[in-house]
Each structure stands twice: as structure tokens, then as C-alpha cells.
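Subject: Handover of a structure and its findings

Dear colleague,

Please find below the structure that I am handing over to you. My notes on what was found in it follow directly after it.

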Amino acid sequence: AVAEAPPKDGLYFAKSNVETFSSGCSLLDCVLGGGWPLGRFSNVVGDFSTGKTLLAIEACANFARKYPKGRIVYIEAEAAFDVEYAKSLGLPTSRVEFPNDDEKRELPITTIEELFDELVKITEEAKHETLVIVDSLDAISDQAEMEREIDKGSFGQEKAKKVSQIFRRLVQALKRKRVHLMVISQVRDAIGVMWGKKTRRSGGRALDFYASQVLWLSNRGKIEQTKAKVERIIGVKINAKTEKNKIGTPFRECEFPIYFHFGIDDVEAGWDWLKSIGKTAEAQKLLLGLGPEDYVSLSAKDYDQARQELAYVIQNFWNEIESSFAPKRTKYTIE
């Protein structure tokens, strides 16, 4: 048996008027300011093997659980999406539309212009909450580039202009129609940069200006396991940092493990964080003695309940820490 969840007062400095759904990791939800926001646009950026697509899959799973009538559209532009593997990670495939895999579509979405038309159509048709994933923006070209000779460079200028136009025209419609748009971006080396960020992503600065959340992912190392004298890499450790956050406090970060064929280990991430802030014993008291080693023996139903209660405990400690850094008074007095 576990304790009843402490009251959920909301995340410190999170926008109370913004509705969110979980990322699949309670600690990451705290970093994001409550989760992924409806009516907003988020940008997930990272190198290969940093869990970008995994985060999108878990977003779909949690969106489907919270909004039974909600619509999910996954625009997969890299032609490398493994639906069966995603299903094993929890992707509700019966609820997800894949425009680029639709046999009725004569041509897949390959250009920014086609992407814009598709996003406008989805937004206009939205009758319920909607989640749209674009995976990834880097795999989508623009019409000018498609018509240009392969040896003629453009430095991405045309694409950046088109991306800016897309989000400038869509941002209000997303809010009005309760659509969350998640755009995945790959990182590129910033050639010739002597100071500042050594990486960049395509699409220009529009992503920074129009996104409510910009989450950068980085690989912190591999997770290895040995069985019967055989060693295998079974996952990766990921660091996630909000470079921009309009629904919570920016520049917050966390680490979490991703295990192959499982996804983010929310429980392990939570307990590791509690240990790092010296709150393990206090958390166990709130959870009636349940510790990090006890979750393995729980049934599926009890595990899900215990994971939710652990999320509440983590949120309360997060609020406590954030409050300690807050100013003790306001600058202006309104009479």
C-alpha cells in the first residue's frame, strides 16, 4: 500500500491558465512548467540518440490517455519511423494518423509549403484537442531547394523565411483551436563559431521566437548491463534543458534514463533526483515506506498508482526549491 497523493497545488511559476499534458516523466514535467501545453508550439532539439522521437511517442501516449476524443497527427518526414517499435513503447497506433504513410496521399509531405498547407488543414478541422508532431523539420525542404541544382547552395535562407511565415500565421490559430504542435529539430555544428553555442538547428530564429518551449536534449552516456558474462548497452542517460519556457521558469534542467523497448524510466529519474537533493528518506515517509527498490514487485495497476503519487511528491519538493529562490517581495505595489 502507498500513501494518498499530497494535494496538487500546481508547479511554481507555471501558468495556471495553460492546460498541459504529461511528457511521460514527472521530473521533466517540472522542468517544462507542467508538461506540454495545449494551444502552444514546442521545439525539441537534440543530436542523434538523444530521445527526440521517444519524447514525441510518449507525448502521444499521454495525450491519448488524457483526451479520449483528441486527435493525434504524426507527420514523419524522415522515412525511418518504426511503427511496431513505437507501439511497444506505448504509442496508441489506432489513435494516430500518419499523413506520410497514408495510401490515399499520392505524394508525401516533403516541403515547407506542403507542411504549412497540412498544418492549416489540421488546425481548421480541429473539433477537439489536437496534438501534431513534425519529425523532423530538418528532413523537410522548401520548394526553391527542390527545384535548384544539387550543386547550388542556398545556406538555408529560403527555408528559414518560410518557417518564420508558417509560425507567424499559425500561432494564434493553435491557441484558439487547442492544438499542441511539437516540432523536432536535429542539431548541426556551427562552423566557425569561436564563442557561444557550438551547435545550431535549421529553420532560422523563428523557432526561438514563436515556440513557447524550446527543449534541448544531450546525451550523458550509455547505460550498460552484463548478464551471463555478456555486456550490452540497454539505454542512454539524457539531459534535458529548457532554453526557453513561456509557461514556466526557463533554464531548468533534469536528467533521466531511457531504456530501449521501454522508454523513459520515470521512477528511476525521480528517485535519483530526490537522492541528489537529500530528500529520499522524507519521500519514503510520504509514500508509507515505499522506496526505489520496491517498484519492481508492484502489479501494473499498483505501479501506475505509485508512479503518480511519486510524481506529486517530486512536484511538491520542486515547488519548495523554486520558492526558496523566489524574490521575497515584489518590485511594484499596485494599489
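Which residues line the second largest cavity? They are L119, T123, V132, L170, L174, V179 and L181. A cavity here is a set of points, on a 1 Å grid over the protein atoms alone, where a 1.4 Å probe fits but cannot get out, and lining residues have an atom within 4 Å of a point. Helix 4 (112–125), helix 6 (157–177) and strand 7 each give two or more residues to this lining. By class, the lining has 6 nonpolar, 1 polar and no charged residues. Ala, Val, Leu, Ile, Met, Phe, Trp, Tyr, Cys and Pro count as nonpolar, Asp, Glu, Lys and Arg as charged, and the others, Gly among them, as polar. The space inside the second largest cavity is about 30 Å³, and the structure holds 2 cavities of 30 Å³ or more. Each volume is the space filled by probe spheres set on the grid points, which are joined across faces, edges and corners.

Before you read further, please note that this is a predicted model, in which local features need pLDDT of at least 70 and side-chain atom pairs count only at pLDDT 80 or more, while totals for chains, interfaces and linings use all residues. Residues are numbered from 1 along each chain as its sequence is written, and side-chain values use heavy atoms, with hydrogens and water left out.

The protein chain has 10 helices and 13 strands; these are DSSP runs numbered from the N terminus (helices H or I, at least four residues; strands E, at least two). Of its 335 residues, 47% are buried, where buried means under 20% relative accessible area, exposed over 50% and partly exposed in between (1.4 Å probe, protein chains only).

The second largest pocket has a volume of about 650 Å³. Of the 31 residues that line this pocket, S49, G51, K52, T53 and L54 are the closest to its centre. A pocket is an open set of grid points with protein on both sides within 12 Å along at least five of seven lines. Helix 2 gives the most to the pocket lining, with 4 residues. The lining divides into 15 nonpolar, 8 polar and 8 charged residues.

L274 is found in helix 8 (residues 266–276) and counts as buried because its relative accessibility is 0%. Not counting residues up to four places away in sequence, L274 touches K279, T280, A283, L310, I314 and F317, a contact being heavy atoms within 4.5 Å. L274 and F317 are 43 residues apart in sequence and 8.5 Å apart in space, C-alpha to C-alpha.

D138 is found in the loop between strand 6 (130–135) and helix 5 (143–147). At 15% relative accessibility, D138 also counts as buried. A polar atom of its side chain lies 2.7 Å from the backbone nitrogen of Q186.

Yours sincerely

Technical notes. Polar contact = N/O pair within 3.5 Å; in protein donor to acceptor, adjacent residues only side chain to side chain.
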